Amino acid sequence: MSLESSDRVPHAGTGASYASAGVDIEAGDRAVELMKDWVKKATRPEVVGGLGGFAGLFDASALKRYERPLLASATDGVGTKVDIARKMGVFDTIGHDLVGMVVDDLVVCGAEPLFMTDYICVGKVYPERVAAIVKGIAEGCVLAGCALVGGETAEHPGLLGEDEFDVAGAGTGVVEADRVLGADRIRTGDAVIAMASSGLHSNGYSLVRHVLFDRAGWALDREVPELGRTLGEELLEPTRIYSLDCLALTRTAEVHGFSHITGGGLANNLARVIPDHLHATVDRSTWTPGAIFDLVGQAGSVERLELEKTLNMGVGMIAVVPQESVDVALTTFADRGVDSWVCGEILERDGGHTEAVALTGDYAS
């Protein structure tokens with residue numbers, strides 16, 4: 001088949017290049033240089049080597065102190081909260097969200113987070129923006145006690161707009177086999193302890209954005225008296241990272257289980273650690289959800305059940321402990337600056353309780 005003139009291969013010097021396809025290798029290299037100092041701060045003694053290799057190295061001989069070490073892994077993203085960051089031009093907080101979503105899934109089984117890797121996908125590499133995202137991830141890793149051992153920044157021109165981006169991450173932790181927490185440890189009479197969230201965390205933003213932007217027509221710079229700040233500042237409030245707090249509790253008291261309250265809300269996530277013959281009752285009157293939850297409900301006429309199965313409603317993590325551990329648990333969390341309270345208990349499931357978790361009462365005003 002012959003080529004028409006418009007289809008002929010270009011002459012030398014006018015050929016296609018990676019840059020003409022929209023990928024800027026130099027910008028990517030610049031981003032790596034800008035993020036190096038932040039990555040160095042998110043480390044542990046077991047990390048071998050530095051940034052720039054094809055793989056992150058972690059000295060597994062540190063696991064010799066375990067009788068039977070089990071590795072735990074988790075992966076997650078930040079969801080459509082990245083769109084809030086993009087529109088506000090604030091990129092150094094969503095890394096906290098990413099780390100929290102990953103490491104707090106690990107700690108639910110009692111695992112200590114060891115290291116994380118990240119993946120940042122952009123339409124166009126803006127080095128300072130990518131470095132700011134990594135800064136937030138590194139800061140989150142420090143708060144979680146884990147290392148950031150590597151990552152990837154990918155430029156996807158044509159698939160994402162120049163200002164668009166997404167982030168994801170994966171983490172690895174370790175737990176002694178005979179200390180794994182979960183449903184098999186939960187007992188009748190155990191107390192359910194709630195740990196306050198810092199806000200929406202990183203779940204339900206598709207609903208939140210639809211309600212507040214599409215239906216209510218609010219702007220991110222809108223001052224909201226109930227929040228004491230702008231709407232955008234509230235929506236970008238970083239996810240609280242609980243891993244070190246939960247691990248501290250396992251060292252000071254007997255713990256039977258944790259539940260990370262993310263997508264699906266409190267009832268659905270707590271149900272994942274409740275054995276079939278038991279159920280949990282959670283009393284809403286033991287806490288008052290933050291103002292943002294009320295605003296979303298009112299602005300979108302969202303029914304309470306819909307809110308509760310989408311948002312955390314002010315509870316970011318649950319600990320299930322025997323009654324004799326309650327005082328120690330509350331004291332441990334208070335000493336670490338985490339607001340916590342007893343919100344329910346574990347009971348035998350009878351014919352009248354088909355659900356694993358029952359929410360009762362009305363939220364305190």
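The legends below describe several close-up views of a predicted model.

**View 1**

**View 1. Strand E7 between its two partners, E12 and E13.**
Strand E7 (residues 191-196) pairs with strand E13 (residues 340-348) in the antiparallel sense over five bridges, and E7 also runs antiparallel to E12, to which six bridges join it. On the E13 side, alanine 194 stands opposite tryptophan 341, while alanine 191 stands opposite glutamate 345. On the E12 side, valine 192 has valine 320 as its bridge partner. How many of the six residues of E7 are buried? Six of the six are buried, and this holds for both faces of the strand, with Ala191, Ile193 and Met195 on one side and Val192, Ala194 and Ala196 on the other. In a regular strand the side chains alternate between the two faces of the sheet.

Asparagine 312 is found in the loop between helix H10 (304-308) and strand E12 (315-321). Its relative accessibility is 4%, so asparagine 312 counts as buried, the limit being under 20%. The side chain of asparagine 312 makes polar contacts with backbone atoms at two places: a polar atom of this side chain lies 3.3 Å from the backbone oxygen of leucine 200, and the side chain also reaches the backbone nitrogen of glycine 314 at 2.7 Å. When residues up to four places away in sequence are not counted, asparagine 312 touches Ser197, Gly199, Leu200, His201, Ile261 and Phe293.

Just after H2, glycine 89 takes a positive phi of about 70°. Aspartate 83 forms a salt bridge with arginine 209, in which the closest N and O atoms are 3.8 Å apart. This pair links distant parts of the chain, since aspartate 83 belongs to helix H2 and arginine 209 to helix H5, 126 residues apart. Aspartate 83 is buried, with a relative accessible area of 15%, whereas arginine 209, with a relative accessible area of 22%, is partly exposed.

Arginine 336 forms a salt bridge with aspartate 245, and here the closest N and O atoms are 2.6 Å apart. Arginine 336 lies in the loop between helix H11 (326-335) and E13, and aspartate 245 lies in helix H7 (residues 243-252), so this pair ties together parts that are 91 residues apart in sequence. Arginine 336 is partly exposed at 39% relative accessibility, whereas aspartate 245 is buried, with a relative accessible area of 8%. Elsewhere, a network of salt bridges links Arg44, Glu46, Arg65 and Glu112.

Threonine 172 has its place in strand E6. Is threonine 172 buried or exposed? With a relative accessible area of 18%, threonine 172 is buried, because the limit for that class is under 20%. From C-alpha to C-alpha, threonine 172 and leucine 106 are 7.6 Å apart in space, while 66 residues separate them in sequence. Not counting residues up to four places away in sequence, threonine 172 touches Leu71, Ala72, Ser73, Leu106, Glu112, Pro113, Leu114 and Phe115. One of these, Glu112, also takes part in the network of salt bridges with Arg44, Glu46 and Arg65.

Note on methods: Residues are numbered from 1 along each chain as its sequence is written. This is a predicted model: local features need pLDDT of at least 70, side-chain atom pairs count only at pLDDT 80 or more; totals for chains, interfaces and linings use all residues. Side-chain values use heavy atoms; hydrogens and water are left out. Helices (H or I, at least four residues) and strands (E, at least two) are DSSP runs, numbered from the N terminus. Buried means under 20% relative accessible area, exposed over 50%, partly exposed in between (1.4 Å probe, protein chains only). A polar contact is a pair of N or O atoms within 3.5 Å; within protein, one must be able to donate a hydrogen and the other to accept it, and residues adjacent in sequence count only if both atoms are side-chain atoms. Contact means heavy atoms within 4.5 Å. Two strands pair if DSSP finds at least two bridges between them. A salt bridge is a side-chain nitrogen of Lys or Arg within 4 Å of a carboxyl oxygen of Asp or Glu.
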